[in-house]
Amino acid sequence: MTNKVLRAALGVTMLVIGGCLAVSGAILSAVAGPDDTMRTGYHPVTAGSRALVARAANISPGAVPHGFGDFTLRINVRSADKPVFIGVTPDAAAESYLSGAAVRTVRGLELWPYKLHAADTQGTATPPPPGNESFWVASADGGSPQLTWNVTNGNYRVVIMNHDASPGLTTEVRYALTIPWLFEIGIGSLALGGVIGIPGLVLLVGTVRGHRSQISV
């Protein structure tokens, strides 16, 4: 009896672990797609202040294994009102540039369903037009700019504002993050889930059938 209980417990454990791996792998591969990229659609982003600031990256040296590949962030912004600027810069440069200005800071971002959590900081300072500054590690501007940035170690901020640094930002924003091997990791997780879960199911079914056969005898 004890052996049967152990076999049944082992079968359930394998089935649960395999099922979790298979489901997570299927979701990951479906979201990433063959190009290893997770995307959002365009979503409205507004700010009555002079800039919208969000965390771009906070990565410690060595966090991304050497040779794994580049993490690439792409942000598309489109505006029907006026040209907009989008840039990525280190924390310290962003804080210095926007010091004393009215800013909306993103505190959290939910993608499914989309929801932006932000806090407003009041200010009266007028920063110079962002396109004239040299501290951006990546930037783009225009009516529908697209920023592409290979994520690097350090603390960075994304800053979105009107091209002339005027207050009142009305845009739509789309995000895309490419993580090398993400699709392959999802497929591998799906396959590993099958390798673990299917034998667990067979073991569980065999144990239950054997128990029923003994009862019927």
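Which residue in β11 does Leu73 stand opposite? Leu73 stands opposite Leu177. The structure is a predicted model, in which local features need pLDDT of at least 70 and side-chain atom pairs count only at pLDDT 80 or more, while totals for chains, interfaces and linings use all residues. Residues are numbered from 1 along each chain as its sequence is written, and side-chain values use heavy atoms, leaving out hydrogens and water.

Strands (E, at least two residues) and helices (H or I, at least four) are DSSP runs, numbered from the N terminus, and two strands pair if DSSP finds at least two bridges between them. Seven bridges link β4 and β11 in the antiparallel sense. Strand β2 also runs antiparallel to β11, with five bridges; there, Thr46 has Thr170 as its bridge partner. Strand β1 (residues 37–39) pairs with β11 over three bridges, again antiparallel, and Arg39 is partnered by Ala176.

The interior comes next. A nonpolar core is a set of buried Ala, Val, Leu, Ile, Met, Phe, Trp, Tyr and Cys residues joined through side-chain atoms within 4.5 Å, where buried means under 20% relative accessible area, exposed over 50%, and partly exposed in between (1.4 Å probe, protein chains only). The largest nonpolar core has 22 residues, and those touching the most other members are Ile75, Val77, Ile86, Val88, Trp149, Val158 and Ile160. Strands β4 (72–78) and β11 (169–178) are among the elements that give two or more residues to this core. Another core, of 11 residues including Phe85 and Met161, lies apart from it.

Helix α3 (residues 182–216) holds Leu201, which is partly exposed at a relative accessible area of 41%.
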